[in-house]
Amino acid sequence: MKSFPTPLTPDEEKYYIQRYTEGDLEAKHILIERNLRLVAHVIKKYQYLDDEQEDLISIGTIGLIKAIVTFNPDKGNRLAAYASKCVENEILMHLRSKKKTSKEISLYEPIGTDKEGNEIKLYDIIETDDDDVPEKIHLKQNIQKLYTKVENELSQREKLVLKMRYGLYGGEEYTQREIARQLGISRSYVSRIEKSAVEKLRKFFQ
């Protein structure tokens with residue numbers, strides 16, 4: 001963090017915030033630059049992620065800018081405390097967005113069991129005899145085909161259960177029990193709907 005400018009003192013912070021509220025854009029830039037160390041501090045807890053630290057710094061800086069633009073000194077808070085929350089929120093938004101995107105192309109999540117009790121994954125729906133499938137199939141085309149079949153081949157209830165159960169289209173994932181509660185039906189009925197829908201889809205990918 002030695003490459004980042006030193007933080008502002010409380011008096012300096014107050015001075016530049018006042019200047020910025022009066023329309024001084026240079027004061028805004030100073031507030032951003034002198035709080036970059038704070039961004040680096042917040043992202044330290046996310047060092048386990050695959051994201052490049054430079055990317056997280058950029059994302060966190062967006063949160064910092066939002067904090068400076070929306071900060072209200074009349075509430076008695078220090079800018080650093082408020083900005084820390086904004087920076088973390090921006091990073092969490094980024095991570096949630098990544099998670100949704102990954103769901104849309106992940107075919108390896110467990111989605112239930114077959115009659116023999118073997119675990120079924122969404123990928124099983126598009127299984128082929130090719131041992132090198134992960135490298136050779138056109139994944140995006142198959143996903144689009146899957147979604148098309150979901151829309152065209154399933155009943156409204158089957159579509160709803162699959163979307164809720166597997167988080168399709170980047171949606172939330174729910175347990176069978178949660179779906180049953182929301183739809184007002186039994187968990188075993190949800191399970192039957194789920195298995196029936198998977199079997200309908202499987203035939204289009206064999």
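Helix axes here are lines fitted to C-alpha atoms over the stretch in contact, and angles run from 0 to 180 degrees between N-to-C directions. Helices are DSSP runs of H or I, at least four residues, numbered from the N terminus.

Now the ground rules. This is a predicted model: local features need pLDDT of at least 70, side-chain atom pairs count only at pLDDT 80 or more, and totals for chains, interfaces and linings use all residues. Residues are numbered from 1 along each chain as its sequence is written, and side-chain values use heavy atoms, with hydrogens and water left out.

First topic: the packed pair. Helix α2, residues 25–33, packs with helix α4, residues 53–70. The angle is about 135°, and the axes are 10 Å apart. Which residues of α2 and α4 make the contact (heavy atoms within 4.5 Å)? From α2, Lys28, Leu31 and Ile32. From α4, Thr61, Leu64, Ile65, Ile68 and Val69.

Next, α1. Helix α1 covers residues 10–21, 12 residues in total. Glycine 23 follows α1, with a positive phi near 100°.

Last, α3, residues 36–43. Six of its eight residues are buried, so α3 is largely enclosed by the rest of the structure. The buried ones are Leu36, Leu38, Val39, Ala40, Val42 and Ile43.

Methods
Helix = DSSP H or I, 4+ residues; strand = E, 2+ residues; numbered from the N terminus. Expected span 1.5 Å × (residues − 1). Contact = heavy atoms within 4.5 Å. Buried < 20%, exposed > 50% of the residue type's maximum accessible area, 1.4 Å probe, protein only.
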